[in-house]
Amino acid sequence: MLGAYKEGDYLVNKILVTPKRKADPCFSGVLSIVENNWNIHSLELYLTKSNGIQYIDTLKVTQIFVPIQNDLWLPTQQRYDANGGVLGIKGDGYYLGIFKNYKVNDILGMLPSKPVIKTDSLKAPKKFEKERKKEEKTAEKKIFTPEVLKVEETANQHSDAYWDSVRPVPLTELEIKDYHIKDSIQVIRDSKEFKDSTDKNVNKPSFVSVLTGYTLRKQYKKIQVDFPSLINLVNYNTVEGCNLQMKFGIRKEWKNRMFVLFEPVFRFGISNLHFNSMAKLTVRTSQIHEEYVTVSGGKFVSQFNEAKPQLEFGNTWQSLVFKNNFMKLYEQYFAKISYAREIYNGIDGSVALNYAQRMPLENTNHFSFFKSIKKDYKRNGMDLPTTNSENYNFAQHNSFRVDVKLHFTFDQKYITRPDSRFRTSSKYPELLIIYKKSIYAKGFSDLNFDYLEGQLEGKIPMKLFGTMHYRFGGGGFPNHTRVEFPDYKH
């Protein structure tokens, strides 16, 4: 207790705030409390380096509260001041927010038609309270939507006169100068001349960009072309031997963050002399609802596990140095079309049609850097207890499959901007449901099965210990008339 003072009809108590331990990430400062009703009158709290915050020397938070209705006090001014540095670069800044036009009403009174609670509050107070809380929850769902913030389309198009009329705190001379400079820079950066000139500098290839992958940009036309890197050009596996793979990417973007992406891939196995190529076309028709249409097809090699757990470089290293061929491959002619979209806030769905003609592959190369390693490479086939020298690989077959996925994010919140929407994380776990149906058709599709899988994942805050992530899953084949090895859960 530092003391007290009168402000109008209120007695305000000034209280010193100190952490129990200096090194804890807790605030220090002064908290002012209104006598009797215990509302916060104001606060001035700060954190320093000793509290374990990174990059900031001091963070100061100042809030001022005012009575809005009866004994309800809410913030009218909030300010953050910070100074710090990183890598020897020092800086400071502040954020100031002014709050007004509060709408404080009874939850039930905010509805167009106020619900009627039939129970008499005097005769059955407990039942009355239960009904009132139920009605309030129903009202809250109608009033408080998942949209936590919305930026209007005209937010950055108002004149200086408008901002002067609504801004409660005038800009400083330094801020006015800073706005003029940034506005001018923005106009220049949006011009065709500026973007064309920067393209000339950015698009100059260098030795490093050729090794890691070169990107050609046309900023004004919103076109980007990606060329493959030399580092990932050559890899090795026991099926293809040394293989050459080149992947390109051509992307064209429009307003509202819509784009078209075309990705062709070419691959040649030097040992088995197989040339493969495929292409993928992705169209995003809505960023607001994350709507995508994807078409892909061609003839290409694939891992038995669709998740592709073995990286090309990692498998190359394991094979050439330790004589381990963890990557198991097959070849397929395939065509796939999929559609994905947000069905409702918090519910994303996708459906895909897949057709494939799958062909087994065999080892054609047994090279290793170290001939002293006596063990042999394992066969490129199924690793099951039932496999033997005669059935270690699957037979050629055709597959027509329908995939359906549903992803649920409970209590999903989002922020809306004029051209996009950003989802915020939820404290509840997320649920993923996957259903695959392989349809038998004589002469067209040989497989016949139903596959169902569910996954539940989320995170648990552990305070000073960080965050714990978890995932539970399970599934199976309600119908497994004919299932081939690539369709199992790996």
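Is Arg251 buried, partly exposed or exposed? Arg251 has a relative accessibility of 26%, so Arg251 counts as partly exposed. The classes are these: buried is under 20% relative accessible area, exposed is over 50%, and partly exposed is in between, with a 1.4 Å probe and protein chains only.

Before going on, a word on the source. This is a predicted model, where local features need pLDDT of at least 70 and side-chain atom pairs count only at pLDDT 80 or more, while totals for chains, interfaces and linings use all residues. Residues are numbered from 1 along each chain as its sequence is written, and side-chain values use heavy atoms, with hydrogens and water left out.

Salt bridges, then. Side chains of opposite charge can pair when their charged atoms come close. The rule here asks for a side-chain nitrogen of Lys or Arg within 4 Å of a carboxyl oxygen of Asp or Glu, and it gives 29 salt bridges. Arg251 takes part in one of them, with Glu253, at 3.6 Å between the closest N and O atoms. Glu253 is partly exposed too, with a relative accessible area of 25%.

Another salt bridge joins Lys436 to Glu306, at 3.7 Å from N to O. Lys436 is in strand E22 (residues 430-438) and Glu306 is in the loop between strand E16 (291-303) and helix H6 (312-322), so this pair ties together parts that are 130 residues apart in sequence. Helices (H or I, at least four residues) and strands (E, at least two) are DSSP runs, numbered from the N terminus. Lys436 is buried, at 16% relative accessibility, whereas Glu306 is partly exposed, at 45%. Both belong to a network of salt bridges that also links Arg358, Arg401, Asp403 and Asp487.

One more pair is Asp411 with Lys413, at 3.4 Å from N to O. Asp411 is partly exposed at 40% relative accessibility, and Lys413 is partly exposed with a relative accessible area of 27%.

Next, the rings. Rings of Phe, Tyr and Trp (its six-membered ring) pair if their centres lie within 6.5 Å; planes under 30 degrees apart are stacked, over 60 edge-to-face, and the rest tilted. The count is 20 aromatic pairs. In one of them, Tyr470 and Phe472, the ring centres are 5.8 Å apart and the planes are at 45 degrees, so the pair is tilted. Tyr470 is partly exposed at 22% relative accessibility, and Phe472 is exposed, with 57% relative accessible area. Elsewhere, ring pairs link a cluster made up of Phe304, Tyr330, Phe394, Phe449, Tyr451, Phe477, Phe485 and Tyr488.

A charge can also sit over a ring, if NZ of Lys or CZ of Arg is within 6 Å of the ring centre and within 35 degrees of the ring normal. Arg421 has its charged end over the ring of Tyr414, 4.1 Å from the centre. Lys192 has its charged end over the ring of Tyr220, 6.0 Å from the centre.

The largest share, 5 residues, comes from E7.
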